[in-house]
Amino acid sequence: MFERAKRVEPAGVSYRIRYLEPYPFFVKESKGAQLIDLDGNVFTDYWCTHMAMILGHGHPTVLEAIKTQAENGWHSGLSHELEVKHAEAITKHVPSAEMVRYASSGTEAMLFAVRLARTFTKRSKVAKFEGNWHGAYDPLQIALKPPFDVPASGGLTEGSQQDTIVLPYNDLNGFLDQVKHEKLACVILEPVLTAAGMISAEEEFLKGLRDFCDETGALLIFDEVVIGFRLGLGGAQAYFGVKPDLTVLGKIIGGGLPIGAVCGRLDVMSHFDHTKYFGLDYAHHGGTFSGNALTLAAGLATIDVLEHSPVYEYIDRLGKQTREGLNSMFRGAGFPAQVTGLGSLFAIHTTDKGPLKDARSYVLCDHKQSRGIFTFLLDNGILILTPEMLHGCISYSHAESDITHLISTIERYVKMSGGNGR
Ligand code: PMP
């Protein structure tokens with residue numbers, strides 16, 4: 001299948017991070033916490049649809065909602081009841097969300113959030129932080145991993161990135177030093193660095209950014225595409241008690257189908273309203289598949305389960321077991337690695353140096369060792385995210401025995417490599 005794929009898709013994949021050495025496996029079925037490939041191999045899945053599938057694959061409530069909606073028509077491209085109900089659920093739970101607009105991906109929602117912030121403030125400059133991944137929108141696809149000055153892709157013109165200021169994460173003084181004379185449209189960040197290693201923003205850092213924005217009129221935008229509805233129903237802003245002006249959501253709120261959303265302050269969101277604002281005061285948003293009914297049915301069913309079942313209690317407990325179990329195993333074996341994360345999220349850094357407070361910690365890791373762990377896990381039927389930065393998430397479908405198996409498999413790797421990873 002890979003040979004066929006290579007003939008019709010560059011690198012034989014539809015997204016570079018899905019390329020696995022020596023070749024990617026092709027998923028035939030995904031059920032609960034498991035993936036089954038074309039050869040019948042079974043994997044325990046900590047990839048979880050790029051961290052979207054918080055309930056696990058094929059959850060019966062979500063499946064039922066998708067089936068019902070499919071029978072009634074999956075997307076008319078017109079207004080429907082589910083978008084109102086879904087937006088009501090978001091505004092109920094997410095502290096900053098007074099209104100919502102939908103997009104089809106996190107990338108797309110980031111684009112609309114930046115456009116909205118620029119429209120509202122009548123300013124151009126955007127502040128983003130080292131190591132924060134916000135999707136593939138040109139002004140934000142910059143400084144993703146060290147060395148931060150290497151372009152992340154071809155085709156990113158100077159013009160598209162000249163209004164982006166890149167800043168150090170978790171370093172309030174460093175941030176203030178660089179932006180004190182700037183008139184920013186917005187300050188964008190992930191309140192928890194996710195793909196860059198599950199490292200939380202410090203509370204003082206978040207509060208400092210909030211104060212800066214209040215003093216200067218810049219909008220604070222939280223990218224909660226991964227952590228929205230992951231760290232509880234209110235996401236990172238409820239967890240840390242810092243309210244942004246705008247929030248970008250994705251992944252979980254679509255129940256595993258394509259989605260992005262911009263939500264936030266009423267006076268800001270109103271600039272999407274073409275009946276109120278015109279010309280340069282109006283921010284255009286829209287798209288054929290925005291607010292598509294099938295996604296919103298799956299998303300609403302997912303939120304319903306999150307509201308009524310002890311999901312967070314369960315997955316957070318397994319998350320804690322994963323982090324504590326691995327950390328104590330690494331310490332006991334004298335293996336130079338440590339685990340970060342919170343809630344149901346974890347990342348394994350192959351270094352014992354620290355503290356790890358930003359994406360610069362990437363350079364401390366032993367990447368050969370990271371790839372070794374990734375491949376060993378895969379060979380033993382466990383999939384986590386990326387060989388470059390080991391991380392994963394836990395779903396409501398994972399069993400306690402999955403976590404024990406994950407830890408014991410990594411322990412076997414550690415023993416095999418002589419305890420010190422050499
Ligand atoms: N922001 C964050 C924090 C993400 O992790 C991602 C995707 N991994 C995005 C934005 C972009 O979302 P999408 O892939 O749906 O475009």
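Trainee: What makes Tyr-46 count as buried or exposed?

Mentor: Keep in mind that this is a predicted model. Buried means under 20% relative accessible area, and Tyr-46 has 0%, so Tyr-46 is buried.

Trainee: And why is Phe-346 called buried?

Mentor: The same cut-off of under 20% applies. Phe-346 comes to 1% relative accessibility, so Phe-346 counts as buried.

Trainee: How do you know what kind of aromatic pair Tyr-46 and Phe-346 form?

Mentor: Two checks settle that. Ring centres must lie within 6.5 Å, and planes over 60 degrees apart count as edge-to-face. Here the centres are 6.0 Å apart with 75° between the planes, and the pair is edge-to-face.

Trainee: Why is that pair said to tie parts together?

Mentor: Look at where the two residues sit. Tyr-46 lies in the loop between strand E3 and helix H2, while Phe-346 is in strand E14, so the pair joins parts that are 300 residues apart in sequence.

Trainee: What makes Tyr-169 and Phe-205 a pair, and of which kind?

Mentor: Their ring centres are 5.5 Å apart, within the 6.5 Å limit. The planes stand at 65°, over the 60 degrees needed, so this pair is edge-to-face. Tyr-169, in the loop between strand E6 and helix H7, and Phe-205, in helix H8, are 36 residues apart. Both residues are buried. They also belong to a cluster linked by ring pairs, together with Phe-129, Phe-175 and Phe-212.

Trainee: Why are E1 and E15 said to stand at the edges of their sheet?

Mentor: The open sheet has four strands in the order E1-E2-E3-E15, with mixed pairing. E1 and E15 each have a single partner strand, so one side of each is left without a neighbour in the sheet.

Trainee: What makes E3 and E15 partners?

Mentor: Pairing needs at least two bridges, and two bridges join E3 to E15, which run parallel.

Conventions. Residues are numbered from 1 along each chain as its sequence is written. This is a predicted model: local features need pLDDT of at least 70, side-chain atom pairs count only at pLDDT 80 or more; totals for chains, interfaces and linings use all residues. Side-chain values use heavy atoms; hydrogens and water are left out. Rings of Phe, Tyr and Trp (its six-membered ring) pair if their centres lie within 6.5 Å; planes under 30 degrees apart count as stacked, over 60 as edge-to-face and the rest as tilted. Buried means under 20% relative accessible area, exposed over 50%, partly exposed in between (1.4 Å probe, protein chains only).
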